[in-house]
Amino acid sequence: MRFKDRRFAGQVLAKELAAYTNRPDVLVLGLPRGGVPVAFEIAKALNAPLDVFVVRKLGVPDQEELAMGAIASGGVRIVNEYIISLVKISDEVIARVAVQEERELERRERLYRSNRPLPNLQGRTVILVDDGLATGATMWAAVVAVRKQQPAQIVIAVPVGAPETCHKLEAKVDKIVCILTPSHFQSVGLWYENFPQTTDEEVCDLLAKGTEGTSCWGENPIHTY
């Protein structure tokens, strides 16, 4: 099985999350950029507000797809000690990469949020959405950052993930929904028929179609341009 695209994957996920439909405490947060198209379909199906939670992977130099850690909104930084030890990465290199990624995180915050503060997460059921989980570094950073705001529940929702990653994260949140956990995972993109890079413009457009309230889908769009 492969998903047609991110939007279709979100529709499939939404069916698994039907129990959260029309609940006033639910908030759907997409991890940009690829998680936002998935989150959009979930939020629409659940009649829940959509927002974005910015995270950035700390890639190993010259092997950027290999995560040695991640950063998230709110000053959260996590590192993968195993990868750092395996590749023999110095503290100086980690710091340099972190500075670069913090600049990009801040740029995306400005673009996507347009000085709009993150909604109050305290006491809410937060559904964190991405288009897939490989190492899980960015999702774990998001979980750590969201946990600081004392939500009632944290739910992870992804179309596909590496089995060991989903298993590790399952113990760290209240619920995880992962449609596919293929034993030969290899990469997230392998499990989509169409997997183009999501653009800033697409993220902004989808966020602009989200709403502040669960009872008026499409009536009070959040404009992020």
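User: Which residue stands opposite Val76 in β5?

Analyst: Ala72 is the residue that faces Val76 across the pairing. The model is predicted, so local features need pLDDT of at least 70 and side-chain atom pairs count only at pLDDT 80 or more, whereas totals for chains, interfaces and linings use all residues. Residues are numbered from 1 along each chain as its sequence is written, and side-chain values use heavy atoms, with hydrogens and water left out.

User: How many bridges join β4 and β5, and in what sense do they pair?

Analyst: Strands and helices are DSSP runs numbered from the N terminus (strands E, at least two residues; helices H or I, at least four). Two strands pair if DSSP finds at least two bridges between them. Here β4 and β5 are joined by four bridges in the antiparallel sense. Together they form a hairpin with three residues between them. In that turn, Gly74 has a positive phi of about 95 degrees.

User: Which residues of β5 lie on the covered face, and which on the uncovered face?

Analyst: Strand β5 spans residues 76-79. Val76 and Ile78 form its covered face, while Arg77 and Val79 form the uncovered one.

User: Which residues other than glycine have a positive phi?

Analyst: Asn47 is one of them, with a phi of about 55 degrees. Asn47 lies in the loop between α2 and β2 (50-52). Asp62 is another, with phi near 70 degrees; its place is the loop between β3 (55-60) and β4 (63-72).

User: Is Asp62 buried or exposed?

Analyst: Buried means under 20% relative accessible area, exposed over 50%, and partly exposed in between (1.4 Å probe, protein chains only). Asp62 is exposed because its relative accessible area is 74%. Tyr82, which is in helix α3 (residues 81-87), also counts as exposed, at 58% relative accessibility.

User: Where is the cis peptide bond from Pro32?

Analyst: The bond runs from Pro32 to Arg33, and its omega is near 0 degrees. Arg33 is placed in the loop between β1 (26-30) and α2 (35-46).

User: How many disulfides does the distance rule give?

Analyst: A disulfide is a pair of cysteine sulfur atoms within 2.5 Å. By this rule the count is zero. For Cys178, which is in no disulfide, the nearest cysteine sulfur is that of Cys166, 3.3 Å away.

User: Are Cys178 and Cys204 buried or exposed?

Analyst: Cys178 counts as buried because its relative accessibility is 19%. Cys204 is likewise buried, with a relative accessible area of 2%.
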